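Hi everyone, thanks for coming. Let me put the sequence and the structure up on the screen, and then we can walk through them together.

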Amino acid sequence: MGKTLFILAVAPLAAIAPAQAQSGGIQVAPVLVEMAPERGFASLRVRNGRAHAAAFEADVYAWRQIDGEDVLTPSDALLAAPGVFEIAPGAEQVVRLAAPSPDPNRELAFRLILRELPTQRRDGARLGFTLEMSLPVFVTPAGARAVLETRTEPRRLGTGLILTNAGAAHAQILSVSDMDAEALDAPRYLLAGGAAEIALPARTNAVRMRLSEASGSQTERIVHVTSGSRPSVR
């Protein structure tokens, strides 16, 4: 059903995902979609703030994390309709999502990719691809939570902090910094069953992490980096 896409999971740190995003005159809301299995459906709105029409296709990918990488595979476990649409200037399109067979015990994670299609303007000019948006979609059973485990491993330059999510739902990593408030590169999300590594500079003694769970609750952790195989956490 098409090839698997591998995307590096490490991305710049960001705060909580905003309710909407705007790029090139196109607004999308929300940018993080969360669904309950008992409902099994959700929707988002795509608004065209440009002076000309914009056309898009919507593709769904199952989202996993393997060896610190995001792995996206085309999937029909989440349905998006319409799959192709055009939005007139100043208008908006509702894209409806449905998960016909949710997992009652474990969260399902997807990426909805909105790709802009070439369009023909009234003056005859043909506009090619200019925009692509990747939106996280989670179908989360009631009570499912993230369980974050940490350990350190020595590296040639510094130390690697290994994060593993042994829970049944994702954790959103809001920020990671050393105790001098220097931001560190980290994944934006850690999926259920996923793992990632954060490179720690030499002589890092402790790391502060701010996390948000699927339930919306936020926590802060201080990871003390020790010479042993496991750091202490509080």
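Before anything else, one term: when I say contact, or that residues touch, I mean heavy atoms within 4.5 Å. What you see is a predicted model, where local features need pLDDT of at least 70 and side-chain atom pairs count only at pLDDT 80 or more, while totals for chains, interfaces and linings use all residues. Residues are numbered from 1 along each chain as its sequence is written, and side-chain values use heavy atoms, with hydrogens and water left out.

Let's begin with D178. Leaving aside residues up to four places away in sequence, D178 touches L184, T204, A206 and V207. You'll find D178 in strand 18, residues 171-178; strands are DSSP runs of E with at least two residues, helices are runs of H or I with at least four, and both are numbered from the N terminus.

Is D178 buried or exposed? D178 is buried, and buried means under 20% relative accessible area, exposed over 50%, partly exposed in between, with a 1.4 Å probe and protein chains only. Still, D178 has no salt bridge, and the nearest side chain of opposite charge, R208, is 8.4 Å away. Lys and Arg count as positive here, Asp and Glu as negative, and His and the chain ends are not counted. A salt bridge needs a side-chain nitrogen of Lys or Arg within 4 Å of a carboxyl oxygen of Asp or Glu. A polar atom of the D178 side chain does lie 2.9 Å from the backbone nitrogen of D180.

Now let's zoom out. The chain has 24 strands and 0 helices, and 43% of its 234 residues are buried.

On to the cores. A nonpolar core is a set of buried Ala, Val, Leu, Ile, Met, Phe, Trp, Tyr and Cys residues joined through side-chain atoms within 4.5 Å. The largest one has 27 residues, and M35, L44 and L97 are among those with the most contacts inside it. A second, separate core has 16 residues, including V207, which D178 touches.

Finally, the salt bridges: how many are there? The count comes to 9. One of them joins R50 and E116, with the closest N and O atoms 2.5 Å apart. R50 is in the loop between strand 6 and strand 7, and E116 is in strand 12, 66 residues apart. Both of these residues are buried. There is also a network of salt bridges linking R151, E153, R155 and E197.

Technical notes:
A polar contact is a pair of N or O atoms within 3.5 Å; within protein, one must be able to donate a hydrogen and the other to accept it, and residues adjacent in sequence count only if both atoms are side-chain atoms.
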